[in-house]
Amino acid sequence: MVARGSERLELPPSKKTRALLAYLSVTNRSHRRDRLCSLLWDVADDPRGALRWSLSKLRTLVNESGAEHIVSTRDSVRFDQNGSYIDIFAIKRKLAQGVESVSTDELEDLVKEFRGEFLEGLELSDFHDFQAWCVAEREEARSFHTKLLSTLVDRFQSQPEKALLYARTLVQVDPLNERARATLVHLLVRTGHRREAEQQYQAGSRLLAELGSESTGELREAWRELGERPRKTASPEEQTESPPPRAGTQPKRLVGRRVERARLLAALDDAVAKRRESVLWVTGEPGLGKTRILTELAHAASDRGGTVLDGCAYEAETGRPYGPWVDALRRLPAVAVGKTIGSDLAPLLPELAHDETPENSRDRLFGAVVELVASRAHSAPPVLLVLDDIHWLDEASASLLHYVVRMNRHRPVVVALAARDGELPDNEPVQSVVRSLRHERILEEISLEPLSQDETAELVREVAPNVDPKPIFEESAGNPLFALEVARSLPHRQDDPPQTLTELVRDRFDRLPPEAGDVLRWGAVLGHTFSVRRLNELTSMDLDGLVSALEVLERHALIRAEQSSNETEDGYTFTHEVVRRAVYAEISEPRRRLMHLRIAQALVALEGADESVVAEIAHHAAIAGEAAVAARACVSAGRRCLRLFANTEAESLARRGMRYAEKLRDPDRTKLLLELTQISFAANRPPNPEEAAKTIEELAERALDHGCLEHARLGFTILSYLRWERGDWSDARRQTLRAELVSRSGDEKEHVVAMAEAARCLAIIERDLPQAEALALEAGARSARLGIESATIVDAQGMLRLHRGELDEASRLFQHARTLSRRDGDRLGEFQALEHLITLELDRKRYDNACALSTELVKIGEKFREGSEAPFAHALSAYARGDDEALGNLDEAFDELRAADAKHRLAYALTRAAHVDLLHGDAVRARTRATEAHRAASSLGRPSEIAMARITLTRVAQQLKDKEGFKRHIDELRVDALDGVSAYVREAGAISSRKRRFARPR
Amino acid sequence: MEYVIVERSFDEPLLVDPIDLAKKGASCMEMHNMRYLRAYLSSDKKRMICVFEAPDAESVRIANRQLNMPFERVWTATLHEPRE
């Protein structure tokens, strides 16, 4: 609450803006802007813009002339407390003196400052750092509160009625404190409330059992001391002191809203009559009846024989991409979805998958939804798509919504969207869809205003015919939900009536029988909707007791039965999100955490559950502070998002998961971080690949240190993809290659070398370079641990560097590989390393170096009885020397290469010889050689040599003034994309393309 | 595609089925776009001729070295069969 003097100020509707105010004022120090951005907006497109927007709202709220509380500079922001009163600081100051030195009157005043949970309603479970801070602050505030309350209970021992007041609150604030409950039981008995004492005893025992907490025995002891025997728990019916008031029922009829209703119905009729789509945008503050009026619209569409698809977004479900769409689509009968569309919708609705389900894509999925809407618009018009509470809509759902709206312009389709407009700025993807629809002028905006006095009276009479509606209207200011809550509270009014909607709900909740209260708490922690089956697993009640409790809650209009979209289980939903939030806020932080933990554990234990359950596990485990469960669930949920093409959600889950994983010990920490990084990179390429590569390399090395080979391998694979953006081998093939490498190798050393050989092989044939990189990295890291240095590994690394154009590094690696081969007496290895070194020197036009090295290469090559090494060494040597005598012997070398049938080496040598021919003005011979080189390279499918030969042929045509030939080769060069070729070829290709204008050859 | 013949000899008789041996290198052969067609193993199991289909003989050399399958000679051949 923020007040100026006695005037209570209205807080900004944006939750993040309120959270920012709380953070700035409670931390009471200066914060860097970037830190605040990452605290609250790490997924927004423009976090600094979002921060500026929020700060502007806060300045309007708290700044006054002469007192600027929000003080900001270009880089930092702080809250200046001067001239303000912040209750938590007042409490801290008092308690700092020691609670024993504070008078009882003062203590009673301080207790009054606690009017609910500290920072109530500011949970932002997606923002881990903020959430962690918020929980810690709450924990501290709660410890102050319990300290104050227990001191007061002690001080009023001689006045049990007064002590009782504080003991009751203490049990509410600290429900797991057995001693506090035992004291309460004592006090209740002393003051003659035996029945309530028993209820408290039962509730305490049940709580300890449900949450699996260790009992200290104090509660049982207290009960025993009082000479009582616990009776069988009475049913909630027996415990309800009076039957629920009629005011608990819901009004059946829509009251007021005549104009708005007429506009909605007109849109429905226009859609059919004019065959055009309309998009209705219903906004209003909580409780004004957005959902109610949309329900009315849905009934009208059904009455007209139309198709209704309705879904609702929930705050806790942002990790479940397309959640509202899934719910909406599941409401259609299965026959309405044909086989083809069904297959394409399978990523969302797995029950529609067929054996021959084709490979899916986001386009296909979106197309299928549009097709489904189109087919229903044809067979059962109008189609009404209702999406409620879209300020909580996930990015994937928002994109699909935009697409569906765009693609159905001329069909009888009505899209009705409802949102609290004040909370919309917290959701950038939805805001941008709304902006765009508004810009296109297809948004029909319907803003719900409060009801008039007469309408409020009419509404109140629906549920409480005998009360005077006038004060209710004044109190509720025409907000229907508020008015109904006031009407329900009237029979129980005390001197100090509740002031806010939340307080009204909480007041009603406090009067519920204990079992019903417990069920409602579990429901609130489970989410907006919850199933009977799940409640039954979580509460310690038998099914009869549970069902009775649910009936009580239903009669009190706190929940209502709802058939779930997949029709598999009975469920309930809160009558309004305000109700759920009020109940949730009433649960103390430690109890809430334990409840979330129980739910997470129960969900983890589910077998064969719908895979969407992983997002729920992540949500509950995160709040429970179960880092390991939360991180693991984020991995599963993130992978699911990737399968559903919901990259934004996948990345956000990965980021959340990483924060939990960071808290774990190794090796779990490293393993999970690697898995989460893989998800994050698959969703979006990191903005700073070099920095990311460094982190991954460290993680992969650490995984190796812990003996987690699979995860080290994963790390190297990620790393390789950071370096090579493309890959043309399927994962299945990779797995086969890996398996073969293992089966071929005797011990680990052999296995590591086999990996390096496979890497070098891939690099030579220029196929799946990311895989080659991953293999080389893994082989390098593992060989270092084995204390071996293998020439093959080093040579493979050199080949990859050469391909990327990192020539100095490649040269160093080839020289090292050569040294290692000599040390091992590996003649072939030495030949290959030297060959690579010479080709590198030739590319760099360092002919003298190449010449000296090729003399050595010839010596080694001649030691091979068979194969292409000797002739290739001669060819390289001749080319490096470049004199007539050497070049004169080239044909002999070519003949031998042809006889050995070594097409790659032949192509390489022929192209370089053709280059020399061109320099000597012999374009005809150059053409013959380059043509043969091109043929040889093509039959092997080697991209670099194919392109090199083609580049040479282009130059030949230029020299021969062969316009047509030139054009043909240039065109082919464009087709033979230069993307996948080695760096030196790219360079040659670029030079060639600069000379594309035939008219001006040099 | 060419027929490529690989000649091998062993100091000790080869006790495993050559085709099983080749299976271990399926990925490697696939990388080089080659196919193992058949093998002729001498009665004393010390000499062997393997026939591959491959783009060139050099690919077969590289793959055999990578798979640690020793050879003496590798050459490209054309197939001649008697007319019916």
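Q: Where does A:Arg138 lie, and what makes it count as buried?
A: The model is predicted. A:Arg138 sits in helix α6 of chain A, residues 128-155. Its relative accessibility is 4%, and buried means under 20%, so A:Arg138 counts as buried.

Q: Why are A:Cys641 and B:Cys50 called buried?
A: A:Cys641 has 0% relative accessibility, and B:Cys50 has 0% relative accessibility. The limit for buried is under 20%, so A:Cys641 counts as buried, and so does B:Cys50.

Q: How do you know that the span of helix α33 of chain A is close to the expected one?
A: This helix covers residues 709-723, which is 15 residues. From first C-alpha to last it reaches 21 Å, against the 21 Å expected at 1.5 Å a residue. The buried residues of α33(A) include A:His711, A:Arg713, A:Phe716 and A:Leu722.

Q: What makes α39(A) mostly covered, and how does its span compare with the expected one?
A: Of the 17 residues of α39(A), 15 are buried. The helix reaches 24 Å from its first C-alpha to its last, close to the 24 Å expected at 1.5 Å a residue.

Q: Which contact is found at the start of α39(A), and what comes just after the helix?
A: At the start, a side-chain oxygen of A:Asp826 comes to within 3.4 Å of the backbone nitrogen of A:Leu828. With a cut-off of 3.5 Å, the pair therefore falls within the range for a polar contact. Just after α39(A), A:Lys845 takes a positive phi of about 60 degrees.

Q: How many cavities of 30 Å³ or more are there, and what lines the largest cavity?
A: The whole structure has four cavities of 30 Å³ or more. The largest cavity holds about 520 Å³ of space. Its lining has 27 residues, and nearest its centre lie A:Ile764, A:Met799, A:Glu835, A:His836 and A:His904. α39(A) contributes the most to this lining, with five residues. By class, the lining has nine nonpolar, eight polar and ten charged residues.

Q: What is the volume of the second largest pocket, and which residues are closest to its centre?
A: The volume is about 1200 Å³. The lining consists of 43 residues, with A:Glu757, B:Asn64, B:Arg65, B:Gln66 and B:Asn68 closest to the centre. Elements giving two or more residues to it include α35 (748-765) of chain A and α3 (57-66) of chain B. α35(A) supplies the largest share, eight residues. The lining of this pocket divides into 17 nonpolar, nine polar and 17 charged residues.

Notes:
Residues are numbered from 1 along each chain as its sequence is written. Chains are lettered from A and ligands numbered from 1 in the order in which they are written. This is a predicted model: local features need pLDDT of at least 70, side-chain atom pairs count only at pLDDT 80 or more; totals for chains, interfaces and linings use all residues. Side-chain values use heavy atoms; hydrogens and water are left out. Helices (H or I, at least four residues) and strands (E, at least two) are DSSP runs, numbered from the N terminus. The expected span of a helix is 1.5 Å times one less than its number of residues. Buried means under 20% relative accessible area, exposed over 50%, partly exposed in between (1.4 Å probe, protein chains only). On a 1 Å grid over the protein atoms alone, a cavity is a set of points where a 1.4 Å probe fits but cannot get out, and a pocket is an open set with protein on both sides within 12 Å along at least five of seven lines; lining residues have an atom within 4 Å of a point. Grid points are joined across faces, edges and corners, and a volume is the space filled by probe spheres set on the points. Ala, Val, Leu, Ile, Met, Phe, Trp, Tyr, Cys and Pro count as nonpolar, Asp, Glu, Lys and Arg as charged, and the others, Gly among them, as polar. A polar contact is a pair of N or O atoms within 3.5 Å; within protein, one must be able to donate a hydrogen and the other to accept it, and residues adjacent in sequence count only if both atoms are side-chain atoms.
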